[in-house]
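Work through the exercises below with the sequence and the coordinates at hand. Each task is followed by a stepwise solution.

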Amino acid sequence: MLPWKRVLGPLAALLLAATAATVPVTAAHADTAATETATASASSSGWNDYSCKPSAAHPRPVVLVHGTFGNSIDNWLALAPYLTVRGYCVFSVDYGQLPGVPLFNGLGPIDKSAAQLSAFVDKVLAATGAAEADLVGHSQGGMMPRYYLKFLGGAAKVNALVGLAPDNHGTTLSGLTNLLPYFPGAEDLLSAATPGLADQITGSDFLAELNAGGDTVAGVRYTVIATRYDEVATPWRTQYLSGPNVRNVLLQDLCPLDLSEHVAIGLFDRIAFHEVANALDPAHATATTCASVFS
């Protein structure tokens, strides 16, 4: 059983609300054997296949970076096949693990998670022979790579970063984090037990460091794909980046009928996926509309 008391402590009411919104429904399959089976299946279908060599049409491998409480399989059961069938070499990373907490990742200090991403990108580039990779991340996975790009030399190895509902400037969790001062010791406990969560709260020391001096670094293309119905990375406009080579996209500007919230945009929204494909290959981009759900 996941040790919720250890992870959440007296903030249970606050963080369980966030968990309900952020944990993919497929993450309920917490059986290790099932995860190994999923990993093997992913590899055999071309996802996490280290024998994959990028094509002339898609010369860079794509590294998928899961969100908080996610993992390298459950977060990408729809997007990874969507990209592999389009000819991309696709890989997914696990990061931010806590001792004794299986499958629910992205909880460790984000600077340490960025170092894990750095090592993984090096592994993918070595296997594929590519000079650069493209990164696609959901939630924390769309924000955390910016630390890698800015402080760990990632800008020389990454062509593009695509964020699906990334909390680039932190989150209020729909105002829930405003309750922290009313729980004596809660902020200290949160930082000690789940530093990856504490790092994402608006105004954290981590975010101050990450965003100091500008949101972007030279040489990398940035795309942010947001939904106005996001209840986790809030306010949703704070997901947007400022700087050169940035494209900020609101799903409802592309399809007013799209009702996806924070989880759906990363798990199964094919309108968002179409925009991801456009960001990875802008030279061959096609208009994203409500009909893109069928593409």
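**Exercise 1: strand β1 and its neighbours**

Four bridges join β1 to strand β2 (residues 90-93), and the two run parallel. Strands are DSSP runs of E with at least two residues, helices are runs of H or I with at least four, and both are numbered from the N terminus. Two strands pair if DSSP finds at least two bridges between them.

The model is predicted: local features need pLDDT of at least 70, side-chain atom pairs count only at pLDDT 80 or more, and totals for chains, interfaces and linings use all residues. Residues are numbered from 1 along each chain as its sequence is written, and side-chain values use heavy atoms, with hydrogens and water left out.

Task: find which residues stand opposite V62 and V63, and describe the faces of β1.

Solution.
1. In β2, V90 stands opposite V62.
2. β1 also pairs with strand β3 (residues 133-138), in the parallel sense over four bridges. There, L135 is the bridge partner of V63.
3. In a regular strand the side chains alternate between the two faces of the sheet.
4. In β1 (residues 62-65), V62 and L64 lie on one side and V63 and V65 on the other; all are buried, and both faces are covered. Buried means under 20% relative accessible area (1.4 Å probe, protein chains only).

**Exercise 2: the whole sheet**

Task: give the strand order and name the edge strands.

Solution.
1. The six strands form an open sheet in the order β2-β1-β3-β4-β5-β6, with parallel pairing.
2. β2 and β6 (246-250) are the edge strands, each pairing on one side only.
3. The twist averages 15° from one strand to the next. Axes are lines fitted to C-alpha atoms, for helices over the stretch in contact, and angles run from 0 to 180 degrees between N-to-C directions.
4. Strand β5 (residues 221-226) pairs with β6 in the parallel sense over five bridges, and Y222 has V246 as its bridge partner in β6.
5. Helix α5 (residues 110-128) packs on the sheet and touches β1, β2 and β3 (contact: heavy atoms within 4.5 Å), its direction making about 155° with that of β2.
6. α13 packs on the sheet too, touching β1, β3, β4 (158-164), β5 and β6; its direction makes about 170° with that of β5.

**Exercise 3: helix α13**

Task: why is α13 described as largely enclosed?

Solution.
1. In α13 (residues 270-280), 10 of the 11 residues are buried, so the helix is largely enclosed by the rest of the structure.
2. Among the buried residues are F273, H274, E275 and N278.

Definitions and conventions. Buried means under 20% relative accessible area, exposed over 50%, partly exposed in between (1.4 Å probe, protein chains only).
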